[in-house]
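Colleague: Could we go through this model together? I'd like to start with the fold and then look at one side chain.

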Amino acid sequence: GTRRVAAGLELPWTGGKATFNWHPLLMVVAFVPVMVQSALSYRIYSRVLCTKIGKGGQKALHAGLHALEAVLVSVSLAAVFTFHSHRGYAHLASLHSWLGALTVTAFVITALVADQALRHQVEQAADECC
């Protein structure tokens, strides 16, 4: 038969028919414009941003955009898991869900590695300074 898709959006934690609709919306917003702007804010826009907001501001913008992305992805995943739980559907039952889990895992690992690299740079700068 034909599957019906619920139109609109419901609060992500309700588990209603339109709860799932948050998942594609927030994932697209997180991984296309927000992630792209975060990458561009650190590399491509560096000359413009450094003169306007300084290197510290540029790093804060970059981190803030990544934090926004993490929040969007988290709400998106909460919506899809809530929807599946309320409907009795299995979690991680398709190739799409496993590739998504792999993508989110890669994002988290990248963030952790970047955080450690930044901490190492700060420690080196402190050692050279004093």
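Predicted model: local features only at pLDDT ≥ 70, side-chain atom pairs only at ≥ 80, totals over all residues.

Colleague: In what order do the elements of the protein chain run from the N terminus on?

Modeller: Residues are numbered from 1 along each chain as its sequence is written, and side-chain values use heavy atoms, leaving out hydrogens and water. Helices (H or I, at least four residues) and strands (E, at least two) are DSSP runs, numbered from the N terminus. The protein chain has three helices and zero strands, and the order is α-α-α.

Colleague: What radius of gyration does the protein chain have, next to a compact globule of 130 residues?

Modeller: The C-alpha trace spans about 70 × 25 × 25 Å along its principal axes. The radius is taken over C-alpha atoms, and the globule rule is 2.2 Å times the number of residues to the power 0.38. A compact globule of 130 residues would come near 14 Å, but the protein chain has 19 Å.

Colleague: Is Q58 buried or exposed?

Modeller: Q58 sits in helix α2, residues 46-87. Buried means under 20% relative accessible area, exposed over 50%, and partly exposed in between (1.4 Å probe, protein chains only). With a relative accessible area of 0%, Q58 is buried.

Colleague: Which residue has its backbone oxygen 3.1 Å from a polar atom of the side chain of Q58?

Modeller: Nice one to check in the viewer. The side chain of Q58 has a polar atom 3.1 Å from a backbone oxygen, and that oxygen belongs to S41.

Conventions
Polar contact = N/O pair within 3.5 Å; in protein donor to acceptor, adjacent residues only side chain to side chain.
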